[in-house]
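User: I would like to go through this model in short questions. Please keep the answers brisk.

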Amino acid sequence: MTDHELDAAGIHDPALRAAYTRCRGLNARHGKTYFLATRLLPVGRRPAVHALYGFARRADDIVDDLDTTATPGERARALLTLEAQLEAGLRGARAAEPVIRALADTAGRYGIDHRHFTDFLSSMRSDLTVGGYASYEELGRYMHGSAAVIGLQMLPVLGTVVAREEAAPHAAALGVAFQLTNFLRDVGEDLDRGRLYLPTELLAAHGVDRERFEWSRSTGLRDSRITDVVRAAAAHNRAVYRAALPGIAMLAPVSRPCIRTAFVLYSGILDAIEADGYAVLHRRAVVPRRRRAVVALDGLVRAVAVRTVRRSRADADADAAVGSAEPSRPARTVAAPASVREGAV
C-alpha cells in the first residue's frame, strides 16, 4: 500500500519516497493505535501523517530510549544535531536524516507553522533535565510543546469545515488528552527513566509523594493512596477529552473517521486502566484486541460512507455539468476527478 499512498500524495522523487517509507515504518512499528487510525484517512493524506509521526518518534527515541547507553550529554548533542538538520531542511536544504526530509516536504505541502516543530523540540530538551512538575499548570506549559502542537501540526493535513483558528483549541486539547493517557499508561516506565508526569500537587492531595511511587514500582506492592492519585488523574484526562470532542465535527468529513477512531481507542486505554484496578505502576494497560477490531471496523464503515457520498456528489455534479454544456445530448456519467477519488482504498 505504500506506493499507492505515495502516488496518491504526488510524491515521486525516489529519495523522498524512501524517506516517507521510513516514517511509515516507524509509525507501524511503534504507534500501533495511531497507525490503525491513520489507515482510515484518504490515501493521499497518509504520508504526511507518517512524516509528522516519524519526526516526533525520532526525537522521542533520542530522549527516551532505554536500550541505549548514551549519556544525557550525548542525548542533548544528538537532539541539537536533529534540530540543526530540521532548521536547514525547513529552509530548503537537503537533509541527511530521512525523517527530516519527509517532514520538511510535508510542512511545505501543507503550510504547517514551523514554530510547532521548534516548540516540540524545546519540550524534548526539557525531558533531559526535568524529572517532574509541581502543578498541572506547569505540566501544561511543557505539554504545549510535547502534545498540543502535534494536534496543531495535524490540522492542515486533516482539513476543517470551519476557520482553522476555531478548530485549533480542540485539536490542541486532543493532543494533550492523548499524551495524558500515555503518561498514565506508562507511569512505571517513566519512573524507570527518572520522570513522573503526575503533578506533585496531585500526589500531595492524596497523601503520597514521589518516593512512595518509586517504592511501589520497585517492590510490586500496592498502596490505595496511589490508586486514588491515578483515578483522579484519569478523571482529569477524561475532562480534557470532553473539551477536545467538539473539534471532530469541525474537521473535513473524510478525516473524521480517523480522528474519531483514535479518540475512542486512546480514551479506551483509560477504560483498560480502570478495569485493571489502576495498577499502572506494575502493568501496562492495553485495549483488548477484539475491542480494537470493533472500533476500527466502525471507523472503516464511516470512512467508506463518506467517500461514497463524495463520489456520488461528484458524479451528480459532473452529470449536471455535461447536461448544461450539451443540452442536445443525453446526460452521461463522467468519472470523478482524481482529487475526489483520493480516498479510494
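User: What percentage of the 345 residues in the protein is buried?

Analyst: This is a predicted model, in which local features need pLDDT of at least 70, side-chain atom pairs count only at pLDDT 80 or more, and totals for chains, interfaces and linings use all residues. Residues are numbered from 1 along each chain as its sequence is written, and side-chain values use heavy atoms, with hydrogens and water left out. Buried means under 20% relative accessible area, exposed over 50%, and partly exposed in between (1.4 Å probe, protein chains only). The buried share of the 345 residues is 49%.

User: How many helices and how many strands does the protein have?

Analyst: Both are DSSP runs, numbered from the N terminus: helices are H or I with at least four residues, strands are E with at least two. The count is 15 helices and zero strands.

User: Among contacts between residues at least 6 apart in sequence, what share joins residues at least 24 apart?

Analyst: Contact means heavy atoms within 4.5 Å. Among contacts between residues at least 6 apart in sequence, the share joining residues at least 24 apart is 70%.

User: At what angle do helix H1 and helix H2 pack?

Analyst: Two packed helices are described by the angle between their axes and the distance between the axes. Axes are lines fitted to C-alpha atoms, for helices over the stretch in contact, and angles run from 0 to 180 degrees between N-to-C directions. H1 spans residues 2-9 and H2 residues 14-30. Their axes are 11 Å apart, and the angle is about 125°.

User: Is H1 oblique or roughly parallel to H2?

Analyst: Angles under 35 degrees count as roughly parallel, over 145 as roughly antiparallel, 65 to 115 as roughly perpendicular and the rest as oblique. The angle here is about 125°. Therefore H1 is, relative to H2, oblique.

User: Which residues of H1 and H2 make the contact?

Analyst: H2 contributes Arg17, Tyr20, Thr21 and Arg24. From H1 come Thr2, Asp3, Glu5, Leu6 and Asp7.

User: Which residues are linked with Glu5 in a network of salt bridges?

Analyst: A salt bridge is a side-chain nitrogen of Lys or Arg within 4 Å of a carboxyl oxygen of Asp or Glu. The count by this rule is 25 salt bridges. The network that holds Glu5 also includes Arg24, Arg39 and Arg46.

User: Which residue meets Glu83 in a salt bridge, and where does that residue lie?

Analyst: The side chain of Glu83 meets Arg125, at 2.6 Å from N to O. The pair links distant parts of the chain, 42 residues apart. Glu83 sits in helix H5 (residues 72-90), and Arg125 in helix H7 (residues 115-126).

User: Which residue forms a salt bridge with Asp190?

Analyst: Asp190 is buried, at 7% relative accessibility. The closest N and O atoms are 3.1 Å apart, and the partner is Arg193.

User: How many disulfides are there?

Analyst: A disulfide is a pair of cysteine sulfur atoms within 2.5 Å. Cys23 is buried, with a relative accessible area of 0%. Cys258 is also buried, at 5%. By this rule the number of disulfides is zero.

User: Which residues does Leu202 touch, leaving out those up to four places away in sequence?

Analyst: Leu202 lies in helix H11 (residues 200-205). Leu202 is buried, at 10% relative accessibility. Val229 is 27 residues away in sequence, yet the C-alpha atoms are 6.7 Å apart. Leu202 touches Tyr136, Val229, Ala232 and Ala233.

User: What is the relative accessible area of Val157?

Analyst: Val157 is in helix H8 (residues 136-158). Leaving out residues up to four places away in sequence, Val157 touches Arg45, Ala48, Val49, Leu52, Tyr110 and Ile112. Val157 is buried, and the relative accessible area is 2%.

User: What is the phi of Tyr278?

Analyst: Most residues other than glycine have a negative phi. Tyr278 lies in the loop between helix H14 (256-275) and helix H15 (289-325). Tyr278 is buried, at 11% relative accessibility. Although Tyr278 is not a glycine, its phi is positive, at about 60°.
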